[in-house]
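Please consider the structure below, first as a whole and then through a few of its parts.

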Amino acid sequence: MRKGGEMREEDNEGVVMANDFFWSYTDEPHASRRRQILSQYPQIKELFGPDPFASFKIAVVVSLQLCTAIILHDAGWLKMLAIAYFFGSFLNHNLFLAIHELSHNLAFSTPVYNRWLGIFANLPIGVPMSITFQKYHLEHHRFQGVDGIDMDVPSCTEAQFVTNTISKAIWVIFQLFFYALRPLFLKPKPPGYWEFINLAIQVALDGILLYFWGWKSFAYLILSTFVGGGMHPMAGHFISEHYVFNPEQETYSYYGPLNLMTWCVGYHNEHHDFPRIPGNKLHKVKEIAPEYYEGLDSYKSWSQVIYMYIMDRSIGPFSRMKRKLSKKSA
């Protein structure tokens, strides 16, 4: 692999930021590691399959967040913002990652049940995204880093404008918008039957909130989604998962306490190696095959990752691994 392109923005300490991505001329590392691990530890297959408690956990969080929105229907804006940041953001980000779990059919063996549960988990988020997310996310797994296909990778336009500490901080605050809108501009897909169901149910819930409890209940949900996806500890996983801080590694795991609230998405190498294993069992992969993971760089703090991303002048949106589509993947 190589770091492509010329270098730019050298400061007086000699730190530079590149104007191209890292380019790899090999396939993504997870498929080959999966084969190696399964050949050595075939018992890992016993971890495959749905989490039987997923639907219950989702129902609890959805109910709690909707009840909170109703309670806050006449709250002051400062109080609402504080509760949204310190409470609601954790719930809505938990539901976003529940939708991530459901995109891999990890609540039910029957895919359609996972779609319905995803639409239900989507309700407190305020905007319909569950079905569309699944379409793009599965491509992220199959075509990790592939130019023009993996929409998890920032666009060149983003990278050209986000070139210093201030612009990186602004980008982090609004990263949820970039994450959501990037595929719609770069690789739009025609909406299907399920997207319209997702939209109709979401609009119905939003309309009920607005009619019976007013704008503040709805605003609380939107604020919880927005602040939870920006300068927030939970949102550190957006950066920690694949931003290249070590040129020899393109996926990174996080082994900190927030895994308890995020469906263990921090076990990200383990997840990409075995996307059929639910989050509550991913730690067992590392326990069974520690030699495959203990030598990899990892994190213990998502907040620290955000700080490193903003303050390190050599890191930016170009700090991602890309590759051309191989004939095997096509």
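## Overall fold

The model is a predicted one, and the protein in it contains 14 helices and seven strands. Its C-alpha trace spans about 55 × 55 × 40 Å along the principal axes.

Of the 330 residues, 52% are buried.

## Annotated segments

An unreviewed UniProt entry carries the annotation "transmembrane region" for residues 78-100, 112-133, 161-181 and 193-212. In the model, residues 193-212 are 100% helix and 0% strand, with the end C-alpha atoms 29 Å apart. Over residues 161-181, by contrast, the chain is 81% helix and 0% strand, and the C-alpha atoms at its ends are 16 Å apart.

## Helix H8

Helix H8 comprises the twelve residues 175-186, and the 16 Å from its first C-alpha to its last is close to the 16 Å expected at 1.5 Å a residue. Its buried residues are Gln 175, Leu 176, Arg 182 and Pro 183. Viewed down the axis of H8, these buried residues fall within an arc of 140°, and they therefore line one face of the helix. In general, an α-helix has 3.6 residues a turn, so residues three or four places apart point the same way.

What, then, covers the buried residues of H8? The cover includes helix H5 (130-142), helix H6 (156-161) and helix H7 (165-173), together with helix H10 (215-228) and helix H11 (236-240).

## Asn 259

Asn 259 is found in the loop that runs between strand E5 (253-254) and helix H12 (268-273).

When neighbours within four places in sequence are left aside, the residues in contact with Asn 259 are Tyr 254, Cys 264, Val 265, Gly 266, Tyr 267 and Trp 302.

Notes
Residues numbered from 1 in each chain as written. Predicted model: local features only at pLDDT ≥ 70, side-chain atom pairs only at ≥ 80, totals over all residues. Heavy atoms only, no water. Helix = DSSP H or I, 4+ residues; strand = E, 2+ residues; numbered from the N terminus. Expected span 1.5 Å × (residues − 1). Buried < 20%, exposed > 50% of the residue type's maximum accessible area, 1.4 Å probe, protein only. Arc of directions from axis to C-beta. Contact = heavy atoms within 4.5 Å. UniProt positions renumbered as here; feature names shortened; annotations may be inferred.
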